[in-house]
Amino acid sequence: KPTKTSQIQFRNSFEGALSYFIAGFEQFPEDRGFALRPWKKIIFENSGMILDENRALAMGNYYFEDADGNSIKVEYTFGYRLKEDGELLIDLHHSSIPCCSQMEAA
């Protein structure tokens, strides 16, 4: 699920996922190429972790700062799995824009 989308929230195809990161697919007009934006800095702030044998989950906020000094706060969850060959694999990722204060009042 792309973090900064609202028209087509879920991407169940390779083209849909790729469009979010590099744009250029007319069926996804709101995509601007998240990966192509000139990000200057990303800061991770873990809120918590769960470790269980060959699995780990982490959640928190990360902050993306672009070349102009604009930043965006994003909530994340990552799931990691240690494969038998010792390689670490990200097998779950979710990120979203924090809910606005107007929604919290509802």
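**View A. Asp66 is buried, with a relative accessibility of 3%.** Buried stands for a relative accessible area under 20%, exposed for one over 50%, and partly exposed for values in between, using a 1.4 Å probe and protein chains only. The model is predicted, and local features need pLDDT of at least 70, side-chain atom pairs count only at pLDDT 80 or more, and totals for chains, interfaces and linings use all residues. Residues are numbered from 1 along each chain as its sequence is written, and side-chain values use heavy atoms, with hydrogens and water left out. The side chain of Asp66 forms a salt bridge with that of Arg37, at 2.6 Å from N to O. This pair joins distant parts of the chain, 29 residues apart: Asp66 belongs to strand S2 (residues 55-66), and Arg37 to the loop between helix H1 (14-22) and strand S1 (39-52). A salt bridge here is a side-chain nitrogen of Lys or Arg within 4 Å of a carboxyl oxygen of Asp or Glu. Arg37 is partly exposed, at 34% relative accessibility.

**View B. Glu65 and Lys41 form a salt bridge between their side chains.** The N to O distance is 3.7 Å. The two residues come from distant parts of the chain, Glu65 from strand S2 and Lys41 from strand S1, 24 residues apart. Glu65 is buried, with 17% relative accessible area, whereas Lys41 is partly exposed at 39%. Lys40 also belongs here: Lys40, Lys41 and Glu65 are linked in a network of salt bridges.

**View C. Asp91 and Arg81 meet in a salt bridge.** Their closest N and O atoms are 3.6 Å apart. Asp91 lies in strand S4 (residues 88-96) and Arg81 in strand S3 (residues 71-82), and the pair links distant parts of the chain, ten residues apart. Both ends are partly exposed: Asp91 has a relative accessible area of 36%, and Arg81 one of 35%. Across the whole structure, a search finds seven salt bridges.

**View D. Eight residues form the largest nonpolar core.** They are Tyr20, Phe34, Tyr62, Phe64, Ile72, Val74, Tyr76 and Phe78. Strands S2 and S3 each supply at least two residues of this core, and S3 gives the most, with four residues. A nonpolar core is a set of buried Ala, Val, Leu, Ile, Met, Phe, Trp, Tyr and Cys residues joined through side-chain atoms within 4.5 Å. Tyr62, one of the core residues, touches ten residues once those up to four places away in sequence are set aside: Ile42, Ile43, Phe44, Ile72, Lys73, Val74, Tyr76, Phe78, His93 and Ser95. Contact, or touching, means heavy atoms within 4.5 Å.

**View E. Phe34 lies in the loop between H1 and S1.** Leaving out residues up to four places away in sequence, Phe34 touches Lys4, Tyr20, Phe21, Trp39 and Phe64.

**View F. Glu45 is a residue of strand S1.** At 41% relative accessibility, Glu45 is partly exposed. Glu45 touches Met59, Gly60, Asn61, Tyr63 and Tyr76, again without residues up to four places away in sequence. Phe34 is eleven residues from Glu45 in sequence, and their C-alpha atoms are 20 Å apart in space.

**View G. Ser96 is found in strand S4.** Ser96 is buried, with a relative accessible area of 17%. Among residues beyond four places away in sequence, Ser96 touches Thr3, Val74 and Glu75.

View H. Helices (H or I, at least four residues) and strands (E, at least two) are DSSP runs, numbered from the N terminus. The C-alpha trace spans about 40 × 35 × 35 Å along its principal axes. Of the 106 residues in the protein, 26% are buried. Of the contacts with a separation of 6 or more, 27% are between residues 24 or more positions apart.
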